[in-house]
Amino acid sequence: MNKNFYITTPIYYPSAKPHMGHAYSSIIADFFARAKKIQGFNVFFLTGTDEHGLKIQRAAEKKGMEPKKFCDEISVTFKDLSKTLNLTNNDFIRTTEKRHFKSVQNLWNILEKKNEIYLSKYSGWYSVSDEAFYSDDEIETIDSLKKSKSSGSLVEWVEEESYFFKLSKWQKPLLKFYKDNPKFILPESRKNEVISFVSSGLKDLSVSRKSFSWGINVPSNNEHVIYVWLDALTNYLSALNYPDTNNDLYKNFWPASLHLIGKDILRFHAIYWPAFLLAADIPLPERIYGHGWILSGEEKMSKSKGNILDPIEIIKKYGLDPLRYYLIKEVSFGNDGNISQKKLENCINSDLANNYGNLCQRVIAFNEKNLNLQIPDKINFKDIDIKILNDFNLNYQNLLKYLDNQDINSYINYIVERLFASNKYFNDEEPWKKKDDIIRLNTIMYVSLELIRKITILLYPIIPETSLKVLKIFKISEKKINLESIKNNNFLELGQKINKLNILFEKIVSND
Ligand code: MSP
């Protein structure tokens, strides 16, 4: 079995500082990276910034800055955000780096050599905001402004000499590839969208621009810069030192296991990217998952709409793990989701403070009072104990399946259900009434501690900082976390000392 796992986030446009939508893509990718790590995978997790193209050039001009200097300033805020979000990324790539130029120009040369690219003239609509070409039927006129129907962004008319990639010729091979690899695009609804788009016919794609210069030159013609999406998508290869296909990074991690993206950039990843790779004879990634949007009210949160929520502000106010938990649990994965401070506060109170926090606190406090912070030394499981402990064992394969299918909703539902069951177990078994049956009291305590350990391991990809705090009471360090150990009902060593636990989540008292 291949124990290497390569996961990527989209690389972000440093046209303005990061917002919650960007934080969302990154947090979800980090969830999968951590989940794979605790299954013993060797993980390579990549994120970065997408710095070329007209969108960035114009944003820099607006500030009266050189594009490179402009990007340097904003890219740093994305890099800082990856630290603030506690991401486990192994690399942070910038498309203005030398290693990336080399990789993109190499890919271009291969495509040109293979006769996949030709020079002609583009005339049609272009959205600078999306960096995308649109056909007439993808455009609508609103208040005498021409806009893209799908994104609502303004389009402008472009007429200039351009190189074209022979995308049309890849229609059939792409459809065959989707058919042979039914999980290449997830979720299912997005796959259908892509298949119907490709089935309706593909036109050759303009892959260079002549009217501005902020980009990577076409190697054979420096009057042209390479289309920013061909440039950007190649980042996934540049970070593995492509074109050197003999180095360990490339050998271990290409093809990528999972490109995690937002649904707005599906066409680029699920059509253009595999077509470029097929044409260049490079293996295709295993999966593209298009997640939904974070909405503000009914609309996508975006800089151009001016409705953004700053992740840094939210983290300052509520902490990182509550935000990670909220985004992972409350935004039904694959669909759009709303974020509001009120909902976040409710989620902190009900799930984190009342459910998980409460379980940990009451069990450890009871232990401190009655067993002096020690794992009991003599126990005797009854059926009820074995039943609740074994549930993790019985569901282990399901959990792996959820993770492999990016079914975060089922994964987290299982955790929440186990939290309720564990709190109920502690209530129903009433250890405080068992002071004259010390073996029973000990056993209830042992089972409760095991339940906390198992649930906390499951929570690690979601709320890593809190999870590590709790695992520390059992002296389990980050390196030792192993998902499979949730199948073990006797992991905790009898008689071992445990550490005290400080309060994990304060309840939020609302002013209204
Ligand atoms: N630079 C391109 C990606 C190139 S990848 C080779 C780009 N950048 S972006 O900054 O506009 O968006 C990056 C990611 O953030 C996309 O996956 C996008 O879907 C995501 N989000 C941006 N706003 C979002 C929300 N409001 N909600 C959720 N994610 C959204 O596209």
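Is Arg209 buried or exposed in this structure? Arg209 is buried, with a relative accessible area of 5%; here buried means under 20% relative accessible area, exposed means over 50%, and partly exposed lies in between, with a 1.4 Å probe and protein chains only.

## Basis of the report

The model is predicted: local features need pLDDT of at least 70, side-chain atom pairs count only at pLDDT 80 or more, and totals for chains, interfaces and linings use all residues. Residues are numbered from 1 along each chain as its sequence is written, and side-chain values use heavy atoms, with hydrogens and water left out.

## Salt bridges

The structure holds 33 salt bridges, a salt bridge being a side-chain nitrogen of Lys or Arg within 4 Å of a carboxyl oxygen of Asp or Glu. One of them joins Arg209 to Glu160, with the closest N and O atoms 2.9 Å apart. Arg209 lies in strand S11 (residues 208-209) and Glu160 in strand S8 (residues 156-165), so this pair ties together parts that are 49 residues apart in sequence. Helices (H or I, at least four residues) and strands (E, at least two) are DSSP runs, numbered from the N terminus. Glu160 is buried as well, with a relative accessible area of 11%.

Another salt bridge links Glu430 and Lys433, whose closest N and O atoms are 3.1 Å apart. Glu430 is partly exposed at 26% relative accessibility, while Lys433 is exposed, with a relative accessible area of 54%. Elsewhere, salt bridges that share partners join Asp30, Arg34, Arg324 and Glu478 into one network.

Within that group, Arg324 forms a salt bridge with Asp30, and their closest N and O atoms are 2.8 Å apart. Arg324 belongs to helix H12 and Asp30 to helix H1 (residues 20-37), so the pair ties together parts that are 294 residues apart in sequence. Both Arg324 and Asp30 are buried.

Among the buried residues are Leu320, Asp321, Arg324, Tyr325 and Tyr326.

Two packed helices are described by the angle between their axes and the distance between the axes. The axes of H12 (residues 320-330) and H17 (residues 464-473) come within 8 Å and cross at roughly 115 degrees. Such axes are lines fitted to C-alpha atoms, for helices over the stretch in contact, and angles run from 0 to 180 degrees between N-to-C directions. Leu320, Asp321 and Arg324 of H12 meet Pro464, Glu465 and Thr466 of H17, where contact means heavy atoms within 4.5 Å. These residues divide into two nonpolar, one polar and three charged. In this grouping, Ala, Val, Leu, Ile, Met, Phe, Trp, Tyr, Cys and Pro count as nonpolar, Asp, Glu, Lys and Arg as charged, and the others, Gly among them, as polar.

## Helix H3

Helix H3 (residues 67-84) has 18 residues and reaches 26 Å from its first C-alpha to its last, close to the 26 Å expected at 1.5 Å a residue. The expected span is 1.5 Å times one less than the number of residues. The buried residues of H3 include Pro67, Phe70, Cys71 and Ile74. The helix's buried residues pack against H1, strand S2 (42-49), helix H2 (54-62), strand S3 (91-94) and helix H11 (311-318). H3 is followed by Asn86, whose phi is positive, near 60 degrees.

## Backbone features

Most residues other than glycine have a negative phi, and most peptide bonds are trans. Leu373, however, has a positive phi of about 55 degrees. Leu373 lies in the loop between helix H13 (341-371) and helix H14 (383-404) and is buried at 13% relative accessibility. Lys475 also has a positive phi, near 60 degrees; Lys475 lies in the segment after H17 and is partly exposed, with a relative accessible area of 44%.

A cis peptide bond joins Leu186 and Pro187, with omega about -10 degrees. Pro187 is placed in the loop between strand S9 (185-186) and helix H6 (188-199). The peptide bond from Trp254 to Pro255 is likewise cis, with omega near 5 degrees, and Pro255 is in the loop between helix H9 (248-253) and strand S14 (258-262).
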